[in-house]
Every structure is written in structure tokens, then in C-alpha cells.
Amino acid sequence: MDWAQLHRDVVFGHAGGQIIWQPRILAWFTDRAFDGTPLPERYAGMDPYDVYRDLGCSARLYEYNSCFRRIEDERVHVSRFETDGVTETTIDTLVGRQVCVTRRTPTSWHAITDKREVCSREELRVAAWREAHAEWAWDGDRFAELQSQVGDLGAPTMFMPRMNVQSLYIEKMGVEAAIFALYDWPQDAEAYFSSLEESHDRLIDVIINSPVDIINFGENVHAGTLSPELFQRYHLPACQHRCERLRGAGKFTTSHWDGDTGPLLPYARDTGLDAIEAITPAPQGDVTLEQAREALGDEMYLMDGIPAVYFDDTFSEQVLEDCARRVIELFAPRLVLGISDEISSTGDLERVRLVGRIVDEYNRKHLTDTRHCR
């Protein structure tokens, strides 16, 4: 199977009604690698890409993000000091300094942040200056390397950095501090948003001239923190601007909405997006598949759709199978079927294979019906 071609054909409407099964399974591997749990015998010695091939499914290849390099202004100087698992990073610029402190933990690859990059008005102004002076570049050698390693598993895909409010929440300040900043320092927050959008416009210039055509906005939108009021004031206009530029250049655009999405789904078709990734249905999320279908309408694609919990033995295989068939019934052919959001470390990879058989059955039947109609 040429998964890369099928992936392109599905999202650009050239697949003759076929869909693609594209689950995300990397967390299943990284958790085992971290705690030293051996892989099941069938997968011993395999890397994740070997396992995708063994399972007979496509991979969502965000590895291509590494082809887009952010270049700090040469007047930004970064120094790091580490002791006893604690790393202090100091970022000096012409307009001030930022300090970030992280601490390694025995329970995760990821460090805990003890002091965020932006905790003061002054640091927020530094963040705006850095974005105003950052540039972006394309790494063609890295692209060629990835094409040779994983290019058969899916079309090249990347995700852009987060926009305005989500950037403050997740990357710079944390949710509580960012909300205070929005209301206590609105001019400084909006100056950061403006600089960020200018930086992302420069990235879009690079994307438009690249061979990567499937563009995700890695937002992690969650209605529990991004209210409809903040969504409409900040997020929606920035999303529309991105989509206008990227879709105008023939790119397929999608955004990652996870957590609770119910209050924001009414705005889905206003965003200008082609698709939304990772909407998480009940019993894991706050919306039903039918509500998601109504929100996306006949124009937008769903990426994913099957709750991750259905890949654990908490639920029967029949529940998983019924859900997979229902997602296909509701959303095909505008569907990149996947797991909302990733299989857990306790999930069963054989259930991934089960869904693959359902998708293969659907695609075969659809192609047979198409031939009969001719």
C-alpha cells in the first residue's frame, strides 16, 4: 500500500470515496522505553515505523516539523546551568532577560517547569521582541532523509506553533497567569500576539514554498480554558488569517482540538479550516459523534474520532468495532480515521489491527460499489 499517496488522495478528495486509517501509537512506545518494559514478542526489535508497517496502517508524520527551523535573532544569547537535575535557562536580549527553570522527574521523559519563561510584564515584552525578530528556514536535507526513512507511511505533515492565547497558556505563562495577563496587561499581551502572528506569517512563507501540503495548527484547544469569548476575540481571527493564506496556496489545514470542545464546536465552520483533529467523543470527551458531525457539516473533515479508551480492555472489542463503524458511517469520505488522541501505554495494539480490517472492508466495498455504478 502506498500510504503516502492514499493520504494525499483522501484529504484532497481524489480517493474515490476511500478513507485512511491513521492511528497515533508513539506514546505506547515512549512509555515502554522510559520504564524499560519490553515490547510484546511479536514486536521485539521493531521501531515504531516497523510496527506501523506490520499493523498495515498509515502514520501521521509530524516528524516533518524538523524540516522547518526557527532562527533566533543573533542578538539573543541563551545560557544553561544544570545541577542536581534542575536546569536554569537564561535568555538575554537587547530589551531584557527571561529565565526558565525546569526539573527532571523520575516518572517522565519531560521535565517539570518550576519557573516559566514569562512570569512578568517585562518578560512578556521580551517574548514579543524575540518573535518580532525570529526568522524561519527550510531544511531540504532533513526532508530528503525523512522521505527515505518514513515516506511510504503517509504524506509529509507538519504542525505550526500555537497562536496567541494558546501560546501564552501552554508555552509561556501557564493558564492562570496568562488569564491575569490578558486582563491586567492587555496591551502587552496583544503586542505579543501581534509579534507572534508576524513570525508565523514568515513561517507560512516557508511552508507555502515547501513540498509539505498537510498543515496542522498544534493548538490543543480546550474549551475549559479557552472560552467562546476569548476564542472569538483572539483565536478565530488568527485562525482565519492562517487558513486564508495556506488554503489559497493549495495546502490542507487542520487544527488540534482536544479536551472539551462542545462550547467551541459551533464555530468550527467559521475557522476556515479543512478539518479538525482529535475531537474526543464521549465517554472520554464532552461531545457525541453526532454533535461533531453536525458541527463539521458536509464541508469539513474529521481527523481521528475513536476514543482512546476503547483500545484498553476496559471496553470490549465489540464496543470499539461499533464505534469505528459509526465514525465511518457519519463522516466518510471526509475522514482520516484515527485515535482521539493517542493509544495509551496500556492499550492493545491488536485492536489497532482490528480497526484496520474494518477500514479495509469499507474501502473494498466502496470501490466495488463504484465499479458496479460504472
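Modeller: In this predicted model, four strands form an open sheet in the order S3-S4-S5-S6, and their pairing is antiparallel. The edges are held by strand S3, residues 77–83, and strand S6, residues 112–115. Each of these two has a single partner strand, so one side of each is left without a neighbour in the sheet. From one strand to the next, the twist averages 25°.

Strand S5 covers residues 96–103 and runs antiparallel to S6, with 3 bridges joining the two. Val101 has Lys115, in S6, as its bridge partner. Helix H4, formed by residues 121–133, packs on the sheet. This helix touches strand S4 (86–93) as well as S5 and S6, and its direction makes about 100° with that of S5.

As for the whole, the protein chain comprises 12 helices and 15 strands. A compact globule of 374 residues would have a radius of gyration near 21 Å, and the protein chain agrees with this because its own value is 21 Å. Along the principal axes, its C-alpha atoms fill a box of roughly 70 × 45 × 40 Å. Of the 374 residues, 50% count as buried. The protein chain exposes about 16,900 Å², of which carbon and sulfur atoms supply 49%. Among its contacts between residues at least 6 apart in sequence, 74% join residues at least 24 apart.

Note on methods:
Residues are numbered from 1 along each chain as its sequence is written. This is a predicted model: local features need pLDDT of at least 70, side-chain atom pairs count only at pLDDT 80 or more; totals for chains, interfaces and linings use all residues. Side-chain values use heavy atoms; hydrogens and water are left out. Two strands pair if DSSP finds at least two bridges between them. Axes are lines fitted to C-alpha atoms, for helices over the stretch in contact, and angles run from 0 to 180 degrees between N-to-C directions. Contact means heavy atoms within 4.5 Å. The radius of gyration is taken over C-alpha atoms; the globule rule is 2.2 Å times the number of residues to the power 0.38. Buried means under 20% relative accessible area, exposed over 50%, partly exposed in between (1.4 Å probe, protein chains only). Accessible areas come from the Shrake-Rupley method with a 1.4 Å probe; for residues, only the protein chains shown count as cover.
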